[in-house]
Amino acid sequence: RAAIKTANAATGPFEVRFQISGTCPRILNVAGNMLDITGDVTINGTTQAGWVENVQYHRFDGMLCLLLNGTGNTPWAFRVPSSASQARLAVSGLMFAGFSDAAIKLEGGDNHLISGNQFGGIAFTVPNNNAIRVTGNAGNAMIGGFDWAGAINLIAGSDGPGVFLDNAAGGSVLGNNLIGFQTDGVTAAPNQNGVYVFNSPSNSIMYNSIGNSDSAGILISGSAASGNVVQNNVIGMSLESGYPSAVNHGAGVLMMFGARNTTVGASLNGSGGGNLITLNDGPGVWVSTSGGTGNRILGNATYANHGLAIDFGVSGGTENQANPGVGPNALQNYPVALNAISGATGLSVTGVLSSTPNTLFRIDTYGSNGCRPDARAESNAVLGHFQVTTNALGLAEFSQTIPLSGALNGQFIGLTATDSAGNTSEIGNCELIRSSTPVFKSGFEACENGDPDPDCAP
């Protein structure tokens, strides 16, 4: 408390370091809230003797020596109040348990950094309600980090969402965090939702492992939740040895109550950024009946979920509309795949899209290992995309070849359509990929006069 008081009074950046005697871990019982952070303050738990840096991305193998324990009665360990518009808080190398509001609550300030910490998943302690909450007029929080395993946070066992973003300014980045797991990266430590974004715009959720949630892995809600980006995450599976399931007990990604203009996977004109979304109890990605429009769902591997790979409206497949345009993602129609031929030059796809007249669409092609019981395809593999334009009647017939190497015959494909406003359809019908190589040469094909082939009998 004395260090924070001094830090707040400093005219420039101030770092709080630790030199507490004894062996790890050292438990600091927080009987009441710490002083609010109003200055440029770094609280650096890595300075405590015995701290060891985490070196894995999909498990948390570091040694953190300082546990701040709220015992279930203290709302937060550190808070930046909404009045502290010039404040900046950086926290690293600490453990947090037992805070009834959020272990770290950011209501004001800017450019905060929360990295290399463990929230929950600690034996004989009370769960946090939230690990981290960014709210009020706070902005630009970095939670985790990139290109450095020591920056990731373990966010485990929260009674509410692990990370709760409901700040009007938005702009936070969640990178490379391990959410919903114990330190081994396999054992479940459920949060209610891994990440909850409510009426907060332009946040980036990237390269995280999110599993074992009591509800959706990522929940994005509210009409002000616009321009959020979800890329390169693993949702529903552990990436530790053996790739065990880490089921989120809802959708992998759920958008509702007007959430709009979300990017899940690739950008409208791009190919990179796809998520692995698998083994969840609901759809892979679900724009619910109350969801908004412009939600781009592109280039993801989305399979083996309890629901559709991509779903909108009421749970279960939505049939194509005569006049799409009213509902989640504008009830965008999916393209009907008519034929798929695997040949020497690639995969030839023939189909038809019926949608908005005189409109440019992106068509994405996904490889599916099999067909769902409802005859829809999934996305076991991302095969490629191309563009088509509908005519004045709203029809676009297409025949495109996607350059691919390797035999695909015997597998299946499904297609999505995305309009220029970013409304992606569900994945459509499941179509068998056939080979362009003839099975029989003679006896089943007509012979022309003068054919020199001895196998060609008259």
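In this predicted model, C430 has a relative accessibility of 13% and therefore counts as buried, the limit for that class being under 20%. The partner of C430 is C371, to which a disulfide joins it with an S to S distance of 2.0 Å. Because C371 is placed in the loop between β32 (360-368) and β33 (381-389), and C430 in the loop between β35 (412-419) and β36 (431-432), the pair ties together parts that are 59 residues apart in sequence.

A search of the whole structure finds two disulfides, and the other joins C24 to C65, with an S to S distance of 1.9 Å. As for accessibility, C65 counts as buried at 1% relative accessibility, while C24 is partly exposed, with a relative accessible area of 28%.

The largest pocket has a volume of about 240 Å³ and is lined by 14 residues, of which R1, V16, F18, L28 and M34 are the closest to its centre. The elements that contribute two or more residues to the lining of the largest pocket are α1 (2-9) and β2. By class, this lining consists of 11 nonpolar residues, one polar residue and two charged residues.

The second largest pocket has a volume of about 190 Å³, and among its 17 lining residues T46, S92, G93, S115 and W148 lie nearest its centre. Two or more residues of the lining of the second largest pocket come from each of β3, β6 (88-92) and β9 (113-115), and β6 gives the most, with three residues. The lining of the second largest pocket is made up of seven nonpolar, nine polar and one charged residues, whereas that of the largest pocket has 11 nonpolar, one polar and two charged residues.

A further position considered in the model is Q400, which is located in strand β34 (residues 395-402) and counts as partly exposed at 29% relative accessibility. When residues up to four places away in sequence are not counted, Q400 touches L347, S348, V349, F386 and Q387.

With regard to confidence, the chain averages a pLDDT of 93, and 95% of the residues score at least 70. Over residues 440-458, however, pLDDT stays under 50, and for this segment the model has seven contacts beyond four places in sequence. Where pLDDT is low, the predicted coordinates should not be read in detail.

Methods. Residues are numbered from 1 along each chain as its sequence is written. This is a predicted model: local features need pLDDT of at least 70, side-chain atom pairs count only at pLDDT 80 or more; totals for chains, interfaces and linings use all residues. Side-chain values use heavy atoms; hydrogens and water are left out. A disulfide is a pair of cysteine sulfur atoms within 2.5 Å. Buried means under 20% relative accessible area, exposed over 50%, partly exposed in between (1.4 Å probe, protein chains only). Helices (H or I, at least four residues) and strands (E, at least two) are DSSP runs, numbered from the N terminus. On a 1 Å grid over the protein atoms alone, a cavity is a set of points where a 1.4 Å probe fits but cannot get out, and a pocket is an open set with protein on both sides within 12 Å along at least five of seven lines; lining residues have an atom within 4 Å of a point. Grid points are joined across faces, edges and corners, and a volume is the space filled by probe spheres set on the points. Ala, Val, Leu, Ile, Met, Phe, Trp, Tyr, Cys and Pro count as nonpolar, Asp, Glu, Lys and Arg as charged, and the others, Gly among them, as polar. pLDDT is the predictor's confidence in each residue, from 0 to 100. Contact means heavy atoms within 4.5 Å.
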